[in-house]
Amino acid sequence: MNLLLLSVLLAGSLADIFMTNPKGSNNRLNENSAIRANAERLFDSQNNNKGGYNVAERGTTPAGTDPSQQYQVHYYSSGPGTDDPSNLVIEWANQHGCGSNPKVQCNVVIQYMCMNNGTGADYPAGNGATEEDNKERESYMRDGTDTGRQGFIQGPVKLEYSDEVYLARVAENDAILSAKKGLHESFLWYDMCRTREANNGLFRADQNMTLDRRRNFGKKEKHTSSRRTRQNPDGTRRGFECPEERDYFPYWAPTLQGPYDADYQRTPWIDAAYLGSGRCKEVQAGSFNKNGKYRCVRDRARDYGVSITEEGCAAEYGRWVMFESYLEVLDKVQTAEECAAVAAVNKINKIVWKPLRSDSQESKCIVKAPAPVCEKAPTTRANHLGNAEGKALYSSRFNLRLPHFPSGEAKRCVIRSRYNITTADYDAANTFADSNGDASPVKNDPTVDVFGDGKGLKLAINTAQFGRTFQDRSHVFVVLPRTAEMAGKTLHNLNVRGQRGNIVQNYPSVEYDFIPDKLEMEKEDLVHIQWAGYNTNPENRAGEGTDATDRNNFLQLAGDLDTSYPELLEAADFWSSVESLTSPEASPLDIAVSLASSGYYCGQTAHGTCPAGESLEGNNREALQGQLNNAPASYFGHVLKTKRAGTYRYMCTRNNSFTNRSQKGQLVVRGQLVVRETEVNRGVRETEV
């Protein structure tokens with residue numbers, strides 16, 4: 001039973017978490033209301049209905065029902081070595097404190113899940129009934145265009161006796177899966193969840209768990225499934241998320257979303273970071289990244305069993321099978337020798353030649369994810385969605401090294417952050433099922449007889465909220481393989497957080513700013529400047545330009561950060577200090593024009609990646625509107641290599657009024673410096689000669 005008691009690292013009470021970079025959805029999609037349309041769309045956030053950001057869009061008008069007009073942020077992957085990371089700042093705010101705050105006990109878990117990106121043709125469309133149509137709707141991670149939740153036909157309480165009955169139900173579910181609705185976890189993952197028995201070793205206080213499933217073997221007893229937890233005793237479904245897996249970490253079962261599929265290669269949830277107070281050894285021992293996990297396998301059409309122990313699995317005539325986690329599987333690598341050669345040049349990922357499951361004899365070249373980072377959580381105060389101690393001027397942050405995929409395939413991914421908070425009213429790490437019911441150390445709404453007169457004072461305690469998890473997730477984004485020119489370089493991602501509106505209108509979301517707004521890097525490092533916005537903000541919010549729209553651009557400041565005017569493009573020093581690796585034929589002025597216009601113009605003049613009809617000179621389009629109203633809401637930007645050391649200050653011209661003050665930042669490029677005077681202050685104090 002010890003294996004089943006590793007679940008206590010996630011434990012908490014009421015406390016929202018909102019991601020600001022990448023922008024957390026909080027289950028929003030494209031609604032232009034202040035309140036999200038559907039809190040059950042993809043996952044269980046437990047957050048306030050007002051938080052979250054919409055899916056990004058490519059153009060100047062809402063994407064509506066056309067997913068091709070949505071914009072997925074594209075990050076470049078890390079390289080295979082220790083000195084070529086692609087760094088992404090994960091930023092969030094959690095409501096009720098964390099870190100060294102003596103009033104709380106908490107941790108934050110950051111994870112991601114990826115799959116092959118494919119092409120536009122792989123995005124599911126329509127209601128086709130072919131095997132490929134079904135597989136696309138079941139497997140392809142997407143934001144969707146409809147705020148509804150995917151449908152699910154659960155069948156009878158009793159498990160299906162025959163393969164025919166089970167397959168018929170699967171076919172019914174295939175028929176109702178919608179290409180228009182979002183999907184993170186798979187249908188099969190949730191069906192495994194509703195089949196699998198709940199972990200009865202867990203502390204549930206005085207919460208009663210309904211026996212919602214009946215075995216079709218042995219004594220045919222009823223049991224509680226893993227879709228019910230102390231936090232979710234009614235088993236409410238949100239997307240295809242499994243409530244038990246959501247609420248407990250590390251989870252004891254493999255989080256693989258279904259049978260291995262070479263076309264999709266969907267990963268399990270990959271553990272990126274555990275931010276808490278110690279317990280690193282337990283995290284490492286329990287993480288699926290490095291350690292195989294077991295589940296009960298049946299030789300039937302429904303191959304997933306009920307039992308979560310080897311003994312129980314034998315009772316239902318199943319096999320206790322260990323599954324390997326993977327970041328990806330190199331199917332084109334055919335031998336152990338070829339796999340070893342790939343492993344030799346990968347210093348971050350462990351790459352092994354072995355079967356994906358213990359009951360298979362077929363070895364594959366498996367890329368394992370690195371062990372999760374384990375460090376102290378940022379310290380924040382209670383009842384506050386703001387900055388963290390020791391992170392001057394900033395909310396809680398974690399610097400994520402984006403994964404490296406040796407295959408060179410582009411991947412589509414989603415990040416989730418889980419915030420977990422509890423108190424010291426009981427020892428969360430060592431309190432289990434023998435403390436349930438009458439033996440529970442906490443009770444619902446107890447009265448404490450502090451006066452000794454038999455009346456006392458009543459406490460507002462909900463035992464469903466002791467040991468509680470809150471969550472936010474990004475929209476789908478893409479991780480691209482590096483180009484040859486990026487090899488061996490550190491890459492920094494420079495993005496924009498926030499949305500239209502003033503601080504009151506936006507709360508608990510935030511206003512515009514660059515992130516990180518102070519980026520320190522070395523000469524020859526790379527920086528990818530990119531932003532994502534949308535045209536579906538709530539109406540009548542404060543801001544410049546067309547109502548309900550996000551727009552951004554990037555220009556060098558003429559002065560210090562406390563000034564308001566941009567430098568003229570031809571006079572700015574920054575552009576001559578960089579070169580574009582994503583548009584290598586672009587001149588310094590081409591780069592400046594494209595970032596200043598948010599991609600409305602791809603350059604000053606036409607070049608290899610800039611058609612004549614889209615450059616500033618020679619195009620026949622209407623001129624760029626001064627507040628960027630006719631520029632796209634999102635822009636892929638450029639990956640720039642810095643060639644000269646210095647401090648470079650920059651701004652956005654649109655979002656710089658008193659409604660949304662100071663969307664500005666600075667790049668500090670370190671190197672061997674020679675101080676020289678400039679004729680005018682162009683935002684460069686020191687440069688390398």
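Here is a quick tour, topic by topic.

This is a predicted model, so a few ground rules apply: local features need pLDDT of at least 70, side-chain atom pairs count only at pLDDT 80 or more, and totals for chains, interfaces and linings use all residues. Residues are numbered from 1 along each chain as its sequence is written, and side-chain values use heavy atoms, with hydrogens and water left out. Among the things to look for are seven disulfides, a nonpolar core of 41 residues and 10 cavities of 30 Å³ or more.

**Disulfides**

- A disulfide is a covalent bond between the sulfur atoms of two cysteines. Here the term means a pair of cysteine sulfur atoms within 2.5 Å, and the structure holds seven of them.
- One of them joins C114 to C413, with 2.1 Å from S to S. It links distant parts of the chain, 299 residues apart: C114 sits in strand β4 (residues 105-116) and C413 in strand β15 (residues 411-422). Strands and helices here are DSSP runs numbered from the N terminus: E and at least two residues for strands, H or I and at least four residues for helices.
- The C114 and C413 link is right-handed, with 110° about the S-S bond.
- C114 counts as buried because its relative accessibility is 1%, and C413 is buried with a relative accessible area of 1%. For reference, buried means under 20% relative accessible area, exposed means over 50%, and partly exposed is in between (1.4 Å probe, protein chains only).
- Another disulfide joins C193 to C242, at 2.2 Å from S to S. C193 lies in helix α3 (residues 187-195) and C242 in the loop between β6 (222-223) and α4 (243-247), so this pair ties together parts that are 49 residues apart in sequence.
- The link of C193 and C242 is right-handed too, with 70° about the S-S bond, and both cysteines are buried.
- C296 and C313 are also joined, with an S to S distance of 2.1 Å. C296 is in strand β8 (residues 293-297) and C313 in helix α6 (residues 310-315), so the pair ties together parts 17 residues apart in sequence.
- The torsion about the S-S bond of C296 and C313 is about 80°, so that disulfide is right-handed. C296 counts as buried at 2% relative accessibility, and C313 does so at 1%.

**Helix α3**

- How many of the nine residues of α3 are buried? Eight are, so the helix is mostly covered.
- Besides C193, the buried residues of α3 include F187, W189, Y190 and D191.
- The buried residues of α3 pack against α1 (131-139), α2 (163-176), β5 (213-214), β6, α4 and β8.

**Nonpolar cores**

- A nonpolar core is a set of buried Ala, Val, Leu, Ile, Met, Phe, Trp, Tyr and Cys residues joined through side-chain atoms within 4.5 Å.
- The largest core has 41 residues, and W92, I110, L275 and I415 have the most contacts inside it. Among the elements giving it two or more residues are β1 (17-21), β3 (86-94), β7 (270-276) and β15.
- Which strand gives the most to this core? That is β4, with five residues.
- Take I415 as an example: leaving aside its neighbours within four places in sequence, its contacts (heavy atoms within 4.5 Å) include M19, L88, I90, I110, L400 and F477.
- A second, separate core of 25 residues includes V527, A572, W575 and Y650.

**A four-stranded sheet**

- Two strands count as paired if DSSP finds at least two bridges between them.
- Strands β27 (residues 646-651) and β28 (residues 664-670) run antiparallel and are joined by six bridges. G646 stands opposite V669 in β28.

**Cavities**

- A cavity is a set of points, on a 1 Å grid over the protein atoms alone, where a 1.4 Å probe fits but cannot get out; lining residues have an atom within 4 Å of a point. Points are joined across faces, edges and corners, and a volume is the space filled by probe spheres set on them.
- The largest cavity has a volume of about 250 Å³. Of the 20 residues that line it, P22, K23, V73, Y75 and A532 are the closest to its centre.
- The elements giving two or more residues to that lining are β20 (491-497) and β23 (526-531).

Note on methods
1 Å grid on protein atoms, 1.4 Å probe; cavity = no way out; pocket = protein on both sides within 12 Å on 5 of 7 lines; lining within 4 Å.
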